Amino acid sequence: MKQNNFYITTPIYYPSGQPHMGHAYSSILADVFARFMRINNCKVYFLTGTDEHGLKIQKSAEKVGLDPLIYCDKISKVFRELTKKLNLSNDDFIRTTEKRHYKSVNDLWNRLIKSGDIYLSKYKGWYSVSDEAYYNDDEIIEKDGKKITTFSGSSVEWVEEESFFFKLSSWEKKLLEFYARNEKFILPVSRRNEVINFVKNGLKDLSVSRTSFTWGIKVPKNHKHVIYVWLDALTNYLSALNYPNTKDILFKSFWPASVHIIGKDILRFHAIYWPAFLLAANIKPPNRVFGHGWILSGDEKMSKSKGNILNPQQIIDTYGIDQLRYYLMKEVSHGSDGNISLKSLERCINSDLANNYGNLCQRIFSFIKNNCNNKVKKTNKVSNSDKEIIKKTRELTNNLRNEMNNQNLNNYIKAVINISFLTNKYINDEEPWKLKKNNVEKMNNILHLALEQIAKISILFNPIIPKATTKVLDALNVKNNSRNLSFLDRKNVLAEKIKIKDLNILFKKIT
Ligand code: MSP
């Protein structure tokens with residue numbers, strides 16, 4: 001991995017039903033970091049896709065009477081279309097039914113055989129098809145006459161079959177050493193502790209093949225077995241970089257991944273199994289796994305099986321994509337779970353987007369249109385209140401790169417919306433409309449500074465609300481190669497003399 005290169009991934013989604021808000025959330029979160037790193041002058045590779053093998057998908061296809069691949073073609077397309085609707089800037093979309101992925105999984109399997117980390121035996125234990133996960137006895141309880149796992153609440157079945165095993169138990173100590181060496185491998189910190197405790201409690205060898213169904217990648221040289229869907233799925237992160245060709249420019253530029261964005265329910269797979277597989281195969285593990293919380297509806301995880309789904313498409317149609325992106329990023333604290341509702345969505349749109357950032361842009365642009373013929377020129381006279389807002393803005397932006405390097409998006413948004421709030425206040429206090437007759441120079445200076453503030457806010461908000469901020473930056477005539485964070489190093493975005501374009505309403509207030 002080259003310095004300044006940044007590889008970020010979303011989980012690859014099961015096409016076992018229509019996409020919902022939880023999927024949208026993981027994807028938008030990853031997109032915001034990808035876009036941020038691009039304006040932070042990094043070369044970014046952003047991957048998303050669909051996870052198409054395993055019993056869960058085979059059963060979903062059977063339910064609607066379709067061949068699994070035809071079924072996956074259909075639903076994977078819906079997920080691919082969603083990337084456009086969510087305005088994701090992904091560089092690639094991978095499907096685990098693609099040839100490039102088979103090649104990569106086969107190679108990883110062979111490496112694990114070669115290293116002596118895989119052996120053949122018999123699996124006896126609990127399996128959840130819904131989670132595609134094995135559970136220990138102490139993770140199972142009985143509810144309403146059914147066995148369920150305490151981990152996710154999904155039902156489990158007893159499985160007994162011949163299986164290949166990965167020697168996970170022998171990686172316990174090395175994993176703990178790896179976590180100790182890489183303090184920020186798992187973020188947020190609370191999740192890191194959770195994982196370390198789990199590993200310290202002892203790891204059992206992991207069953208990595210199944211024989212009771214066929215929908216999967218066949219084990220090389222033993223076609224009775226299909227490879228466990230999680231070993232298959234995790235490898236997608238390598239396949240997209242043209243692994244096993246480790247000399248490939250993509251692989252050389254972007255592996256190890258900078259961060260895998262995932263939900264906390266799939267932390268075990270990413271923070272324990274994945275680095276263990278990779279260490280065993282002598283491939284560097286990713287630099288980080290960020291486990292976000294769940295989106296709740298009422299107090300429950302939003303999910304298809306619970307039937308409490310808010311449909312992202314409907315929200316986009318009614319309110320707009322920037323509105324949905326902003327709301328999810330602002331309201332859901334990324335480490336913990338977050339409740340969402342239409343009421344709080346509307347409140348958030350009105351307070352931050354319509355009344356704060358949107359209003360700031362609107363009032364300044366229309367004042368300049370009506371009073372200055374869209375032209376503003378500044379002089380080098382700087383008032384005390386100018387100095388004050390420049391200083392406060394600097395204080396608020398000082399730590400932003402660091403916040404984003406640690407996935408503290410909540411702090412980032414708070415700081416940027418605060419700059420917008422301060423700029424509105426600056427205009428209210430300075431009252432440029434009163435200077436029209438007697439002090440045009442000062443009026444121009446105030447308006448120019450307000451536009452400079454709007455430019456900075458728009459660049460900083462661009463990763464979160466790309467559509468609206470692009471309109472503003474276009475109207476300010478900010479060139480593409482200036483839409484980056486160099487202003488954090490004390491440069492101005494705008495020239496001294498500028499001509500702007502008209503700007504239409506950005507965010508309608510919801511009444
Ligand atoms: N296919 C696996 C991932 C394999 S990655 C190598 C999978 N797919 S999933 O479609 O079930 O879920 C994908 C992601 O959506 C997970 O990160 C999960 O946490 C997230 N969400 C699903 N429901 C969610 C919420 N209600 N809230 C937030 N995210 C949740 O797991």
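A polar side-chain atom of D51 lies 2.7 Å from a nitrogen atom of the ligand; a polar contact is a pair of N or O atoms within 3.5 Å, and within protein one must be able to donate a hydrogen and the other to accept it, with residues adjacent in sequence counted only if both atoms are side-chain atoms. This is a predicted model, so local features need pLDDT of at least 70 and side-chain atom pairs count only at pLDDT 80 or more, while totals for chains, interfaces and linings use all residues. Residues are numbered from 1 along each chain as its sequence is written, and side-chain values use heavy atoms, with hydrogens and water left out. The protein is divided into domain 1 (5-339) and domain 2 (342-499); these bounds come from an automatic or database domain assignment.

**Ligand surroundings**

- There are 25 residues around the ligand, and I12, D51, G263, D265 and I295 come nearest. A residue is near a molecule or strand if one of its heavy atoms lies within 4 Å of it.
- The side chain of D265 has an N or O atom 2.5 Å from an oxygen atom of the ligand.
- H23 places a polar side-chain atom 3.2 Å from an oxygen atom of the ligand.

- The C-alpha centres of domain 1 and domain 2 are 39 Å apart. Domain 1 brings 29 residues to the contact, and domain 2 brings 31 residues. Contact means heavy atoms within 4.5 Å.
- The two domains bury about 2900 Å² between them, with 65% of it on carbon and sulfur atoms. Buried area is the accessible area (1.4 Å probe) that two parts lose on being put together, summed over both.
- F36, I39 and Y326 supply 26% of the area that domain 1 buries against domain 2.
- On the side of domain 1 that touches domain 2, α1 (21-39), α11 (312-319) and α12 (321-331) each supply at least two residues. The most come from α12, with nine residues. Helices (H or I, at least four residues) and strands (E, at least two) are DSSP runs, numbered from the N terminus.
- That side of domain 1 divides into 16 nonpolar, six polar and seven charged residues. Ala, Val, Leu, Ile, Met, Phe, Trp, Tyr, Cys and Pro count as nonpolar; Asp, Glu, Lys and Arg count as charged; the others, Gly among them, count as polar.

**Salt bridges**

- The whole structure holds 24 salt bridges. A salt bridge is a side-chain nitrogen of Lys or Arg within 4 Å of a carboxyl oxygen of Asp or Glu.
- One salt bridge is counted between domain 1 and domain 2.
- K330 and D352 form a salt bridge, with their closest N and O atoms 2.8 Å apart.
- R38 pairs with D91 in a salt bridge, the closest N and O atoms being 3.4 Å apart. R38 lies in helix α1 and D91 in the loop between α3 (68-85) and β3 (92-95), so the pair ties together parts that are 53 residues apart in sequence.

**Backbone points to check**

- Most residues other than glycine have a negative phi, and most peptide bonds are trans.
- The peptide bond from L187 to P188 is cis, with omega near -10 degrees. P188 sits in the loop between β9 (186-187) and α6 (189-200).
- The W255 to P256 peptide bond is also cis, with omega near 5 degrees. P256 is in the loop between α9 (249-254) and β14 (259-263).
- N87, a residue other than glycine, has a positive phi, near 60 degrees. N87 belongs to the loop between α3 and β3.
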